[in-house]
Amino acid sequence: MTDSKLLLEAKELSRFFGDTLAVNNVSFNIKQGEVLGFLGPNGAGKSTTMRMLTGNLAPDNGQIIINGIDLLDNPKQAKACIGYLPETPPLYKEHTVTEFLQFCARLNGIAKKQQKTAVNNVIERCGLTDVSKRLIANLSKGFQQRVGIAQAIIHAPAVVILDEPTSGLDPIQIREIRQLIRDIANEHSVILSTHILPEVQMLCDRVQIISKGQLLFNDSLQMLTEQMQSTAILVGFSQPIDTQALNAINGVNNVEKIDEQHFRLSYLPEQNPTQALLKNAVENNWPLTSLMPEQHSLEDVFMKIIREEDAHV
Amino acid sequence: MFNIARNELHRLFLSPLAWVILALSQLLLAYLFLTHMDYFNSIQSRISAIPGAPGVTELIAMPLLSNAAIIALLISPLLTMRTFAEERRNETLPLLSSAPLSMFDIVIGKFFGTLAFFLLMTLLTVLMISSLAIGTTLDFYQLSSGVLGLILLVASFSAVGIYMSSLTRQPTIAAISTFAILFLFWIIDWASHSTTEFSLFSWLSLLKHFEPMMQGQINTQDISYFLLIIFAFLLLTVRRLDRERLD
C-alpha cells in the first residue's frame, strides 16, 4: 500500500472567513483505494476543507494537487478527477432520476456514446433501478441521497468526496448508504466527513480529526484503535473482597473500588495481571463473576484528543 | 456550455411558468396583431392615394415588434430570476461549479438557455407577421432589421436579468430589481430634451437604440451598444460568482 499512487495532496491549506480562521494550515493526502474519514465536531472546518478540495472555495493559502494536476492552476482538468456530494445534495427536483443523471453525465463531459452506459451503470450501482423514472422531488431523503452519490461517481472520478453522506437519514437508510460507500471504496478513493464516530470505525482506513480548523490526528484506524486500548480490567465478585488483597496481586498498579463487589484494576502496559488474578482467585476461593478488559470507545479517544489539544492551547 | 443552455431550457419547460408565459404572450400579441390590422384596414383607402405612404410592414409588422419588445420587458425578469437565485436557494450551484466547467461556461450557458426561449417567442411573432405575406408583399429587409433589433434587445434583457439573479438568493428580489433596471434603461432618455445634441442619458436608453432598427436602419453604434450591455453584464455575473469562491 505504501507505494500506491497519491491521488490527492493538500498542502498547508488555510482559509479565513473575514477575521475568523476556518481552516488553519491543514496538510494531508490520500492514496489510491483509501477511505479517509474526516472527523470533527460541527463547525470544525470539515465542510470548508471539502469545498476547497472541490474548487468551490479558493484557499487563502496552500496548494491542492489532484491526480498530479494543480487545482488552482488547471481547475477544469483537476475537477474532472473529482466527484463531490455537498451536505445538501444538489438535485434538480423537477427532473426524473434518469434525466438528472443524464444531465450530470453530459456536464462531466462523458462521451456521447458512453453516456447511456454510464447512467445505467450508476443507477444499478446505487440501487435506483425501481425509482429511475420518478421525479426526484417525490423521492425519500434516502433515495435523494443516493441520487446525490450517483451524481458524484457517474464520471468514475479518482477521488469521491462526500460531505456528511448519512446525516438526516433513518437507521436503515444509514446502513444502506454505508454499504454503498463501501462498494464505491472498492473502485475509488473516498474522502468522507462525518461527526458520527462509529461510521468512521466501520468505513475508513485512515482517520483525520479536525477541530477548530486544525488537524489534530492523522493516522490509520489501527493506530486509533491502539489508542483505544486501555490499561485496566474490570472485575466483579459475588461477595465483597478486600481491596488490599487485590492490590497485592503482581502487576496491579492501582485498585479503584466501583462498589463493594466491583473493582477496576489498572496496570502498567506490558504487565497484564489477568493470569495472576485468576490464580489468586482460585487459591483464595474468590467468587469471581466477571472479568473484562476495559476498552475506550472511539468517543473517549476523540474527546481525549480534542481536550488534549485544548489543554495545549 | 451548450449542455447548460440545453438544461436551462429543458428545466424552463418542465415548469408551467414557461408555458404560461409563452401562451399568454402569444394571446396578447395576437390581439395586438388584430388591432393593428383593423387600424390598417380602416385607413387603407385613405392612404392608398398618397405616394410614399407607409405600407403594411410599417403599419402592422413594426408596431407589433415594438409591442413584443414591451412584453419581453415585462416577462424577462420572470424568466431570468430563477437562473442563479434559485440555484443558490436550492444549493444546487456546487453541482455546476464542481463540474469541469469554468464560471464563464456556466454563465454563457445560462444566457443562451434563456435567450433560446426568447428566440422561440420571437419566431412565433415573426410567423404571425409572415402570414401577411399570403395576401400582400412585405418589406423583408425592414422586417429582418426589426427582428435583429428585437433579438439584441431581449438578449440585453437576459444579460441584465442574469446578473441581478446572481446577486441574491431570492428570485423575487431578482425579478423586481431586474424590472426596475430595465424600466430605467427604457425611460432614461426622458431626462434629455434636446434631440440634436449628444446626451449621455439618451445614449444609455435602450429605446433610443432600438427605434432606428424598427425603422430599418442598422447602425454599428446601436449594435455595439447592445453587445456592450450584454458582455458587460455577463462579465459582471462571472466576476460576481467568482468572488463568491474567493471570499
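Predicted model: local features only at pLDDT ≥ 70, side-chain atom pairs only at ≥ 80, totals over all residues.
In chain A, strand E1 (residues 6-17) and strand E2 (residues 20-31) run antiparallel and are joined by 8 bridges. The two strands form a hairpin, with 2 residues between them. Within the turn, A:Gly18 has a positive phi of about 65°. E1(A) also pairs with strand E4 (residues 61-66) of chain A, again in the antiparallel sense, over 5 bridges. In this pairing, A:Ala10 stands opposite A:Ile64 of E4(A).

For chain B, an unreviewed UniProt entry carries the annotation "transmembrane region" for residues 12-34, 60-79, 111-134, 140-164, 171-188 and 223-241. Two of these annotated spans were examined in the model. Residues 140-164 of chain B are 100% helix and 0% strand, and the end C-alpha atoms of the span lie 36 Å apart. Residues 223-241 of chain B are likewise 100% helix and 0% strand, with 27 Å between the end C-alpha atoms.

Elsewhere in chain B, B:Ser202 is located in helix H9 (residues 200-204). B:Ser202 is classed as buried because its relative accessible area, 16%, falls under the 20% cut-off. The C-alpha atom of B:Ser202 is separated by 7.7 Å from that of B:Trp190, a residue 12 positions away along the chain.

The contact between the chains takes 25 residues from chain B and 25 residues from chain A. The size of an interface is often given as the accessible area lost when the parts come together. For chain B and chain A the buried area is about 2,400 Å², and carbon and sulfur atoms give 54% of this area. On the chain B side, the residues that lose the most area to chain A are B:Leu95, B:Pro100 and B:Arg245, which together account for 28% of what that side buries.

Polar interactions also cross the interface: 10 residue pairs are in polar contact, both residues of each being at pLDDT 80 or more. The count of salt bridges between chain B and chain A is 2. B:Asp105 forms a salt bridge with A:Lys76, in which the closest N and O atoms are 3.1 Å apart. Helices H1 (2-14), H4 (82-89), H5 (93-97) and H11 (220-246) of chain B each supply at least two residues of the side that touches chain A. H1(B) provides the largest share of that side, 7 residues.

Notes
Residues numbered from 1 in each chain as written. Chains lettered and ligands numbered in written order. Heavy atoms only, no water. Pairing = 2+ DSSP bridges. Helix = DSSP H or I, 4+ residues; strand = E, 2+ residues; numbered from the N terminus. Buried < 20%, exposed > 50% of the residue type's maximum accessible area, 1.4 Å probe, protein only. UniProt positions renumbered as here; feature names shortened; annotations may be inferred. Contact = heavy atoms within 4.5 Å. Buried area = accessible area lost by both parts, 1.4 Å probe. Salt bridge = Lys/Arg side-chain N within 4 Å of Asp/Glu carboxyl O. Polar contact = N/O pair within 3.5 Å; in protein donor to acceptor, adjacent residues only side chain to side chain.
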